[in-house]
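Welcome! Please open your viewer and get ready to select a few residues one after another.

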Amino acid sequence: MRRNSKRCSDEQGGAGHCPLKDRRTLNFGRLLLAGIALFLSGCVSSILATRAVTAPNQQRMPRAVADVQYARRFDSFASQSWRLRVGPPPAELSVAVVEPGNYRFKYSIALKEAPNGWKWLEPIFDVTLPREPRPAKGTLLLLHGYMDAKENMMHWALCMAEAGWRCVLVDLRGHGRSTGDIIGFGAFEVQDLSQVIDDLQKRGLAGEKIGVIGVSYGASMGLLLAAQDKRVGAVVALEPFSNAAKALVEFAHGVAPRQAAEISAPEFAAAVEKAARKGRFSWSSGDVLAAMDHVAIPVLFFHGARDTWLSPDNSRSLYARAHQPSRLVILPDDEHVMLSMRLGEIVPEVRGWFDRYLAVAPAADGAGL
């Protein structure tokens with residue numbers, strides 16, 4: 001199938017200048033729209049509850065994984081990869097490592113369109129694999145968003161690896177190439193990630209402290225992890241939610257406002273309650289705002305002012321409880337999809353953040369986009 005493509009240079013204008021006229025036509029948005037439409041055909045609360053906790057990769061695999069060519073290219077960037085058994089409940093997580101080095105990384109964002117009008121954003125990057133890895137300043141755990149996969153964090157891994165960081169990409173349970181029948185919005189994921197850190201330390205791939213870069217769902221998981229596992233030394237949280245139960249409803253209204261408007265507040269409340277019963281967890285496990293009282297490390301927050309899927313008020317409330325010196329950056333032209341895909345305004349601050357609060361070795365030479 002022939003695809004049309006238009007590039008948006010991340011270094012030449014940022015998110016606000018990328019010509020996305022209808023961002024709800026993105027693959028991710030379309031999937032959620034279709035899902036919410038299904039809620040209206042049966043017992044709304046039960047269908048919504050089931051979809052909320054059922055592993056996303058059992059509903060539809062992200063394009064970055066389903067596209068075999070793209071997945072193979074991702075695999076070529078990783079120095080090693082493996083599967084790790086975690087739980088309970090039992091699951092196997094897919095883990096990959098990108099070592100520090102000069103990848104000659106060049107990055108842009110493409111808006112692609114199929115003949116039927118279906119549009120999606122796709123990162124475009126040119127990479128040269130280094131002959132020898134550099135010494136690592138430390139280890140970063142990269143956590144993707146809801147219904148996404150670690151492949152879509154590769155642009156972050158490459159740009160941070162150029163700056164001297166060992167980057168560990170993980171498919172959260174029920175996502176990407178990992179297994180697991182249900183997700184827990186933090187109830188299971190935090191224990192999973194602590195087991196990942198255990199494994200990294202056994203393999204000699206992490207020291208006493210690690211950093212976390214998370215996007216949306218992954219950002220919230222990173223904050224919950226930091227509250228419970230003191231081996232997390234610094235966090236960068238891009239567009240997190242402050243409370244999982246509330247985010248479920250907010251997300252639905254943001255992604256598909258017309259369909260969600262047909263679902264009453266009592267039906268949403270019933271769905272949230274049923275989801276916890278089906279998943280056998282408590283929503284208190286996903287209360288990130290409460291967990292911030294136990295996060296004793298600096299957090300760098302980024303959120304888009306135009307984010308209608310998860311309001312920037314989520315980050316504002318989390319920052320208000322964050323340990324100082326933390327920092328909150330609201331980007332005026334960004335919305336939920338674009339924020340994590342672009343790097344230009346964000347990466348220098350992220351690199352400086354980890355250099356300041358986590359680095360244990362000299363900075364890499366010549367690091368840059």
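This short tour visits some backbone details, stop by stop.

Before you click, note that this is a predicted model, in which local features need pLDDT of at least 70, side-chain atom pairs count only at pLDDT 80 or more, and totals for chains, interfaces and linings use all residues. Residues are numbered from 1 along each chain as its sequence is written, and side-chain values use heavy atoms, with hydrogens and water left out.

**Stop one: two prolines**

Select P88, in the loop between β2 (80–86) and β3 (91–98). Strand and helix names here follow DSSP runs, numbered from the N terminus: helices are H or I runs of at least four residues, strands are E runs of at least two. Now look at the bond leading from G87 into P88: this peptide bond is cis, with omega near 5°. Step along to P89, which also sits in the loop between β2 and β3. The peptide bond between P88 and P89 is cis, with an omega of about -15°.

**Stop two: S216**

Next, select S216, in the loop between β8 (210–215) and α8 (217–228). S216 is not a glycine, yet its phi is positive, near 55°. Is S216 buried or exposed? With a relative accessible area of 7%, S216 is buried. Buried means under 20% relative accessible area, exposed over 50%, and partly exposed in between, using a 1.4 Å probe and protein chains only.

**Stop three: E239**

Finally, select E239, in the loop between β9 (232–238) and α9 (244–255). E239 is another non-glycine residue with a positive phi, near 50°. Its relative accessible area is 1%, so E239 counts as buried.
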